[in-house]
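I opened this notebook to keep track of what I looked up, entry by entry.

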Amino acid sequence: MARLLVVHHSPSLSTRGLADAVLAGARLPEITGVEVVEREALQATVEDVLSADGYLLGTTANFGYLSGALKHFFDTTFHATHEATRKRPFSYWIHGGYDTTGAEIAMKSITTGYGWQLVAEPLVFTGEVDEQQTQLAAELGANVAASLMA
């Protein structure tokens with residue numbers, strides 16, 4: 001069975017709602033043969049990364065950059081995992097209050113360093129989390145999970 005690792009930092013109710021939507025989409029009944037594993041960014045480990053076949057990453061944009069929690073995840077897993085996980089599928093979501101530019105540049109740079117392959121259009125937006133973004137988050141989860149189906 002394929003394993004999708006969802007690593008996120010969701011400190012508010014609205015950003016937790018995005019993570020829940022991503023997870024619900026990834027766990028749709030028609031997506032078979034894919035185990036979805038959720039980890040808060042500060043709890044995710046090297047073993048989590050190595051045992052996954054694909055990744056979904058979520059973060060807030062804080063001061064225009066990745067959350068410290070997701071950056072910590074990258075900092076603590078990169079050296080032990082980037083060679084072994086090269087070419088694995090991934091995507092991400094970023095939510096910001098005002099600006100996501102630096103967070104998106106960092107996400108692209110870091111995941112390029114891992115060598116991961118983007119398989120679904122990322123969800124990146126500012127402002128309030130509404131029903132449209134929640135639906136797009138669910139579609140993101142479903143698309144990445146479906147990419148792992150055998």
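The entries below follow the order in which I looked things up.

**Entry 1, ground rules.** I noted that this is a predicted model, in which local features need pLDDT of at least 70 and side-chain atom pairs count only at pLDDT 80 or more, while totals for chains, interfaces and linings use all residues. Residues are numbered from 1 along each chain as its sequence is written, and side-chain values use heavy atoms, with hydrogens and water left out.

For helices (H or I, at least four residues) and strands (E, at least two) I used DSSP runs, numbered from the N terminus. For accessibility I called a residue buried under 20% relative accessible area, exposed over 50% and partly exposed in between, with a 1.4 Å probe and protein chains only.

I looked up Glu35 and found that it forms a salt bridge with Arg3, with the closest N and O atoms 3.1 Å apart. This pair links distant parts of the chain, since Glu35 is in strand S2 (residues 34-40) and Arg3 is in strand S1 (residues 2-8), 32 residues apart. Glu35 is partly exposed at 31% relative accessibility, and Arg3 is partly exposed at 25%.

I then turned to Arg39, which forms a salt bridge with Asp48, the closest N and O atoms again being listed at 3.1 Å. Here Arg39 is partly exposed, with a relative accessible area of 29%, whereas Asp48 is buried at 10%.

I also checked Lys71 and Asp75, whose side chains meet in a salt bridge at 2.7 Å, N to O. The two are four residues apart in helix H3 (residues 68-81), which means that about one helical turn separates them. Finally, I noted a network of salt bridges that links Arg16, Asp20, Glu38 and Glu40.

I used axes that are lines fitted to C-alpha atoms, for helices over the stretch in contact, with angles running from 0 to 180 degrees between N-to-C directions. Helix H1 (residues 13-26) and helix H5 (residues 131-147) pack at an angle of about 40°, with their axes 6 Å apart. H1 and H5 are therefore oblique to each other, given that angles under 35 degrees count as roughly parallel, over 145 as roughly antiparallel, 65 to 115 as roughly perpendicular and the rest as oblique. Taking contact as heavy atoms within 4.5 Å, I found that the H1 residues Leu18, Ala21, Val22, Gly25 and Ala26 meet residues of H5, among them Ala137, Gly141 and Ala145.

H3 and helix H4 (residues 101-114) pack at an angle of about 15°, and their axes are 10 Å apart. H3 and H4 are therefore roughly parallel to each other. Residues of H3, including Phe73, Phe74 and Phe78, meet Met107, Ile110, Gly113 and Tyr114 in H4.

Where does Gly33 lie? I found Gly33 in the loop between H1 and S2, partly exposed with a relative accessible area of 39%. Leaving out residues up to four places away in sequence, Gly33 touches Met1 and Ala2. I also looked up Trp93, 60 residues from Gly33 along the chain, and noted that their C-alpha atoms are separated by 24 Å.

Terms used
A salt bridge is a side-chain nitrogen of Lys or Arg within 4 Å of a carboxyl oxygen of Asp or Glu.
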